[in-house]
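Subject: Structure handover and findings

Dear colleague,

Please find below the structure that I am handing over to you. I would be grateful if you could read the notes that follow it alongside the coordinates.

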Amino acid sequence: MGTSLLPCSDQHVPFHPKGRRIWCRFSGTPENPPLLLLHGEWQSSAVFTPYFESLSRHYYVVAPDLLGHGFSSKPAEQSAYTISAWVEDLASLCDTTLHLDDIHVVAVGRFGLCLLDALQWHVVMAERLRGFALLPFPCAYPLSLLKHLASTGVDISYNAAQELTMVLSPLFPQDGVGVERAHGELLSQIRLVHPQANHVLCHLVEHMETDYTRWQTPLMILQTLKDLSCLVPQSDVSLAAETDSQEENYLADTVPFSLPCVPDLSC
């Protein structure tokens, strides 16, 4: 690990040969099991910050802004905004920079699910992933919304971002935060996405599907981000005490969120 990296402090992580940097939020101590938080399309790691305090009691939380999002670098080259390029960035962060192993992952949206799907085939990362929690949304975006989001017209793209904010806001409830403030925070994340990355995201959510129900790694399906509280034991009592099955006891001890919820595929 580079001597300039403080693994418990939010910071830019410079690991690109072209000088690009990934903004990464950290919480908890590196001695805890690692928890990688992958934001969804048109978002950033900021969506997870209300849950850092509780998650960091049990995990070493690592939440990057992917290139083109949030406070990370936004190169002009379209080649920086592909699933394979984003996955290589994550592999470099987790392996070369932080040396993480037995990684629990939370993936949000179609973007997060596509990244996680590709990570499971990555030569370095595949054997390091341990358990997944997913927040898939929504099942379909209106084509007119995607077209307007990708528009070069400022007013058109801004109105589309407002519409998208209304679509996504119910998935990110925040206790004690006013509706207008929560709306503004999510809108600002959408507007921070680089135009090249925005075009890729529009294509991705329109054409790519990820059948996560076939993944072999234990899953938990979230309905909103508030369900992240399910990842944290409510007491010091082992989660294994909640079931009489020896097999389930083993899973609960080794993978805190491995007991799967039944995915809602009705949409």
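Predicted model: local features only at pLDDT ≥ 70, side-chain atom pairs only at ≥ 80, totals over all residues.

Residues are numbered from 1 along each chain as its sequence is written, and side-chain values use heavy atoms, with hydrogens and water left out.

Overall organisation

The protein chain has 8 helices and 7 strands; helices (H or I, at least four residues) and strands (E, at least two) are DSSP runs, numbered from the N terminus. Buried residues make up 50% of its 267 residues, where buried means under 20% relative accessible area, exposed over 50% and partly exposed in between, with a 1.4 Å probe and protein chains only. Among the contacts (heavy atoms within 4.5 Å) with a separation of 6 or more, 74% are between residues 24 or more positions apart.

Strand E5 (residues 103–108) has 6 of its 6 residues buried, so it is largely enclosed by the rest of the structure. Ile103, Val105 and Ala107 point one way from E5, and His104, Val106 and Val108 point the other way.

Two strands are taken to pair if DSSP finds at least two bridges between them. On that basis, strand E3 (residues 34–38) pairs with E5 in the parallel sense over 4 bridges, and leucine 36 has valine 105 of E5 as its bridge partner. E5 is also joined to E6 by 6 bridges, again in parallel. Within this pairing, isoleucine 103 stands opposite leucine 129 of E6, and histidine 104 stands opposite glycine 131 of E6. The chain passes from E5 through H3 to E6 in a right-handed β-α-β crossover (right-handed if, with the strands pointing away from the viewer, the path from the first strand over the helix to the second runs clockwise).

Strand E6 (residues 129–135) is mostly covered, with 6 of its 7 residues buried. E6 runs parallel to strand E7 (residues 219–221), to which 3 bridges join it. In E7, isoleucine 221 is the bridge partner of leucine 134.

The nonpolar core

In soluble globular proteins, nonpolar side chains tend to be buried together. A nonpolar core here is a set of buried Ala, Val, Leu, Ile, Met, Phe, Trp, Tyr and Cys residues joined through side-chain atoms within 4.5 Å. The largest such core has 81 residues, of which Trp42, Trp86, Val106, Leu134 and Phe172 touch the most other members. H2 gives the most to this core, with 7 residues.

Leaving aside neighbours within four places in sequence, tryptophan 42 is in contact with residues including His69, Tyr141, Leu146, Leu164, Ile190, Asn198, Leu201, Cys202 and Val205.

Helix H7 and the cysteines

The 13 residues of helix H7 (residues 195–207) should span 18 Å at 1.5 Å a residue, and the end C-alpha atoms are 19 Å apart, which agrees; the expected span is 1.5 Å times one less than the number of residues. The buried residues of H7 are Ala197, Asn198, Val200, Leu201, Cys202, Leu204 and Val205. They pack against helix H2 (83–97), helix H3 (109–119) and helix H4 (143–149).

Cysteine 202 counts as buried because its relative accessibility is 5%, whereas cysteine 230, at 44%, counts as partly exposed. The structure holds 0 disulfides, a disulfide being a pair of cysteine sulfur atoms within 2.5 Å.

Individual loop residues

Glycine 68 is found in the loop between strand E4 (60–64) and H2, and at 0% relative accessibility it counts as buried. Glycine 68 and alanine 197 are 129 residues apart in sequence and 5.8 Å apart in space, C-alpha to C-alpha. Beyond its neighbours within four places in sequence, glycine 68 is in contact with Ser73, Lys74, Tyr81, Leu192, Val193, His194 and Ala197.

The loop between H2 and E5 holds histidine 99 and aspartate 102. Histidine 99 has a positive phi of about 55° although it is not a glycine, and its relative accessibility of 47% makes it partly exposed. Aspartate 102 likewise has a positive phi, near 50°, and counts as partly exposed at 42% relative accessibility.

Yours sincerely
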